[in-house]
Amino acid sequence: MQRTLARESAATAARSERPPRITLRSLLAGPGWVANALWAAAGIGLFVLVWTLIARRLGNPVLLPTPAAVLEGFYQLLADGYLVQDVLASLKRVFTGFLIAAAIGVPLAMLLAYFLPLRRLVLPLVTLLRPIPPIAWIPIAILWFGIGDKPSFFITAIAAFFPIFLNSFFGGTSVEEQHMNAARSLGAKKASLLIRILFPSALPMIWTGLKIGLGQSWMAVVTAELIAAQSGLGYMIQTSRLNLETSYVLVGMVTIGVLGSLMGLALSGVERYVLPWKRK
Amino acid sequence: MSARPLQPIHSTQRGDARTVNAAVGGQGAIGVENLSVEFKRDGMRTVAVQDIAIEIAPGEFTALLGPSGCGKSTLLNVIGGMVRPTRGEVRIDGAPVTEPSARCGVVFQQHSLFPWMTALGNVAFGPRMLGHASPESVAREFLALVGLEKFAHAYPAQLSGGMQQRVGIARALATRPQVLLMDEPFGALDAQTRSIMQEELLKIWSELKTTVVFVTHDVDEALYLSDRVFAMSTAPGGIKEEIRIDLGRPRTPEIALSEKYGALDRRVRRLIREETLKVFNSASR
């Protein structure tokens with residue numbers, strides 16, 4: 001009903017050649033990214049306001065610095081170059097671990113979805129390993145790989161592996177039997193069935209797994225760096241805490257949140273190129 | 001579609017060279033010998049089809065007609081190698097069918113196009129699998145045959161149901177199979193589209209002269225399309241009677257007004273009604 005009204009009023013506006021008036025209200029009601037951005041800004045603004053009020057009232061910068069103090073700390077760390085170094089160190093660990101996990105998880109999932117004996121052999125093992133949280137792997141990662149990049153690669157890979165593998169596997173096993181039959185009646189043999197039918201039909205689920213996996217990996221890197229590294233955002237948070245530099249701790253946390261969100265947005269942004277047939 | 005005992009996808013038998021080579025030569029004669037298919041469902045043994053024996057001549061258009069549950073799709077799936085028979089055998093040009101192969105093109109009821117490929121990609125898939133030098137040019141040829149060359153780059157989800165089925169037909173024909181199996185291909189379409197699709201199918205068939213086995217529960221569809229109709233019996237499925245449809249060719253929809261058609265129509269309807277009642281009564285008892 002509202003939509004028809006809107007269409008009619010748009011038609012009227014076109015007839016009288018007067019552009020419809022843009023008001024804040026019309027912007028907020030719109031479906032586009034401008035409206036979304038406005039709503040997001042409003043929500044974050046509200047949060048920052050409440051935070052400021054509480055921090056002022058508390059008057060204890062060690063317990064809770066104001067947003068302004070955090071922003072100041074952000075500029076300092078940016079000017080010192082420490083923040084960029086730490087972000088780069090963390091990003092490198094996340095992407096390395098994530099790529100290792102994807103390179104093993106996706107092909108393994110496809111093979112297990114296709115070959116029943118292999119599935120029966122390997123799947124119980126995966127089921128047993130899955131409940132072990134990445135953080136529980138840290139001691140062994142340090143024993144095996146020492147301190148630095150390597151144990152972090154290991155932890156981020158572990159964290160990303162399970163969502164990637166499991167989603168890919170379910171994607172692979174839920175392939176339409178009819179698609180497999182159609183492909184076979186068109187002359188496809190094992191390798192083609194695996195690569196040209198099973199894989200693309202699982203791709204939406206694989207993609208979901210990759211998105212979740214990257215998020216998990218990003219969360220795990222901080223955990224790993226709290227303990228097993230001497231650089232990165234996790235390490236920065238940890239040392240700032242020891243120095244009672246709470247504003248730096250919060251800079252680290254906000255940076256993690258912002259970068260993680262941006263990664264998610266970036267993946268959603270390229271989705272239509274990865275899954276062109278799902279395009280609206 | 002009813003559930004059938006699907007072979008797990010990993011248990012494909014070894015591919016043999018014969019299936020690939022056969023796509024080139026051969027005539028498309030189908031022989032079904034003493035065929036029975038039993039399913040095990042929840043530990044219960046159900047007989048889907050029992051002791052079926054039919055011979056289909058090269059280039060013949062046949063229909064398997066019957067109410068749902070008569071095993072017509074099962075029979076079709078055995079001919080296509082997608083379901084293995086419990087007893088008996090299917091031969092195409094003398095060679096036994098053991099697995100799906102490019103000898104038999106299959107058009108499914110719906111949603112069988114690969115959604116991640118464009119119309120062109122779907123039709124080119126078969127020629128590509130058979131090692132054709134330029135699969136896409138073959139695909140264009142067959143898309144043109146079904147009148148969809150303009151939609152080559154559309155994904156299935158962007159096409160109407162009728163267009164999807166036309167792509168499905170083009171895809172099944174693009175490997176030049178000797179046999180074309182069609183499992184209620186127009187069942188999900190509206191009546192008008194369906195009737196136009198039937199005419200189109202006859203036009204294409206008269207050009208390619210492929211052997212066609214067409215599964216349907218629609219008497220008009222079976223009569224209009226076929227040279228021969230197999231009216232199927234239910235529980236267990238079997239061939240109740242075969243009816244030769246000697247209405248001449250080419251056919252137009254007006255053929256339904258002829259006296260000869262009327263007589264065939266009454267006869268076939270009576271047969272199908274008997275079987276449907278049998279199922280209906282046993283279910284409501």
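# Chat about a two-chain model

Modeller: Starting with chain A: it has twelve helices and zero strands, where helices (H or I, at least four residues) and strands (E, at least two) are DSSP runs numbered from the N terminus. This is a predicted model, so local features need pLDDT of at least 70 and side-chain atom pairs count only at pLDDT 80 or more, while totals for chains, interfaces and linings use all residues. Residues are numbered from 1 along each chain as its sequence is written, with chains lettered from A and ligands numbered from 1 in the order in which they are written.

Colleague: OK, what radius of gyration does chain A have?

Modeller: Chain A has 25 Å, whereas a compact globule of 280 residues would have one near 19 Å. That is taken over C-alpha atoms, and the globule rule is 2.2 Å times the number of residues to the power 0.38. The C-alpha trace of chain A spans about 70 × 70 × 30 Å along its principal axes.

Colleague: What percentage of chain A counts as buried?

Modeller: 32% of its 280 residues. Buried means that 20 or more other C-beta atoms lie within 10 Å of the residue's own; exposed means 12 or fewer, partly exposed is in between, and C-beta atoms are placed from the backbone.

Colleague: Which residues of α11 in chain A are buried?

Modeller: In that helix, residues 233-242, they are A:Leu233, A:Gly234, A:Tyr235, A:Met236 and A:Ile237. What covers them includes α5 (82-114), α10 (190-228) and α12 (246-274) of chain A. After α11(A) comes A:Leu244, with a positive phi near 55°.

Colleague: Switching to chain B. Where is confidence lowest, and where highest?

Modeller: Lowest in helix α1 (residues 17-22) of chain B, at a mean pLDDT of 34, and highest in helix α3 (residues 119-129) of chain B, at 96. pLDDT is the predictor's confidence in each residue, from 0 to 100. Chain B as a whole has a mean of 85, with 90% of its residues at 70 or more.

Colleague: And over which residues of chain B does pLDDT stay under 50?

Modeller: Residues 1-25 of chain B, for which the model has 38 contacts beyond four places in sequence. A contact here is two residues whose C-beta atoms, placed from the backbone, lie within 7 Å. Where pLDDT is low, the predicted coordinates should not be read in detail.

Colleague: How many residues of chain B are in contact with chain A?

Modeller: 28 residues of chain B, against 21 residues of chain A. β6 (104-107) and α3 of chain B are the elements giving two or more residues to chain B's side. That side divides into 18 nonpolar, nine polar and one charged; Ala, Val, Leu, Ile, Met, Phe, Trp, Tyr, Cys and Pro count as nonpolar, Asp, Glu, Lys and Arg as charged, and the others, Gly among them, as polar. The model scores ipTM 0.82 and pTM 0.82.

Colleague: What's the strand order in the six-stranded sheet of chain B?

Modeller: β6-β7-β8-β3-β9-β10, an open sheet with mixed pairing; two strands pair if DSSP finds at least two bridges between them. β6 and β10 (238-244) of chain B each have a single partner strand, so one side of each is left without a neighbour in the sheet.

Colleague: How do β7 and β8 of chain B run, parallel or antiparallel?

Modeller: Parallel, with five bridges joining β7 (residues 179-183) to β8 (residues 211-216) of chain B. B:Val179 stands opposite B:Thr211 in β8(B).

Colleague: And β1 with β2 in chain B, over how many bridges?

Modeller: Nine, in the antiparallel sense. B:Val32 stands opposite B:Ile54 in β2(B). Their hairpin has two residues between the strands, and B:Asp42 takes a positive phi near 55° there.
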